[in-house]
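Colleague: Can you walk me through this one? Keep it quick.

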Amino acid sequence: MFLLFEYETFWIFLLISSLMPILAFLISRALAPISEGPEKLTSYESGIEAMGDAWIQFRIRYYMFAPWAMSFDILGISTFIEASIFVLILIVGSVHAWRRGALEWS
């Protein structure tokens, strides 16, 4: 029983760290403005009324190239060279497997 007193700072820290997020959510729910209406359910695209269906399929290549296109100026030329070497290794491996017949379905 005496060991519980040695960890009283731990229990206090655990209690405070558990209550902080709960209080943050409760305060934001109490103070946030609630506005329901048809305007809230409409889509917004740069101030222009949306045309067509928003549920269209994108090709996977958009998801593959987008991070590189957005962060190329931050990553620099060395990262581009490393990625190019990686893609080159993948291409050489695929060509090698194709020539050996590993990609044939029998």
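**Burial, helices and a patch**

Modeller: Buried residues make up 0% of the 106 residues in the chain. Buried here means under 20% relative accessible area, exposed over 50%, and partly exposed in between, with a 1.4 Å probe and protein chains only. This is a predicted model: local features need pLDDT of at least 70, side-chain atom pairs need 80 or more, and totals for chains, interfaces and linings use all residues. Residues are numbered from 1 along each chain as its sequence is written, and side-chain values use heavy atoms, without hydrogens or water.

Colleague: Switching to the fold. How many helices and strands are there?

Modeller: The chain has 4 helices and 0 strands. The order from the N terminus is α-α-α-α. Helices (H or I, at least four residues) and strands (E, at least two) are DSSP runs, numbered from the N terminus.

Colleague: What does UniProt place on it?

Modeller: An unreviewed entry there puts "transmembrane region" at residues 12-32 and 74-98. UniProt annotations may be inferred rather than shown by experiment; positions follow the numbering used here, and feature names are shortened. In the model, residues 12-32 are 95% helix and 0% strand, with end C-alpha atoms 30 Å apart. Residues 74-98 are 96% helix and 0% strand, and their end C-alpha atoms lie 36 Å apart.

Colleague: And how far does α4 reach?

Modeller: Helix α4 covers residues 77-100, 24 residues in total, and spans 35 Å from first C-alpha to last. That is close to the 34 Å expected, taken as 1.5 Å times one less than the number of residues. Just after α4, Gly-101 has a positive phi of about 90°.

Colleague: Which residues make the nonpolar surface patch?

Modeller: Leu-15, Leu-19, Ile-22, Leu-23, Leu-26, Ile-27 and Leu-31, about 710 Å² together. Nonpolar side chains (Val, Leu, Ile, Met, Phe, Trp, Tyr) are joined within 5 Å, like charges within 9 Å. Leu-15 sits in helix α2, residues 8-31.

Colleague: Why does Leu-15 count as exposed?

Modeller: Because its relative accessibility is 53%.

Colleague: Why that spacing along a helix?

Modeller: An α-helix has 3.6 residues a turn, so residues three or four places apart point the same way.

Key
Patches are made of residues with over 30% relative accessible area and no salt bridge: like charges are joined within 9 Å, nonpolar side chains (Val, Leu, Ile, Met, Phe, Trp, Tyr) within 5 Å. Accessible areas come from the Shrake-Rupley method with a 1.4 Å probe; for residues, only the protein chains shown count as cover. A salt bridge is a side-chain nitrogen of Lys or Arg within 4 Å of a carboxyl oxygen of Asp or Glu.
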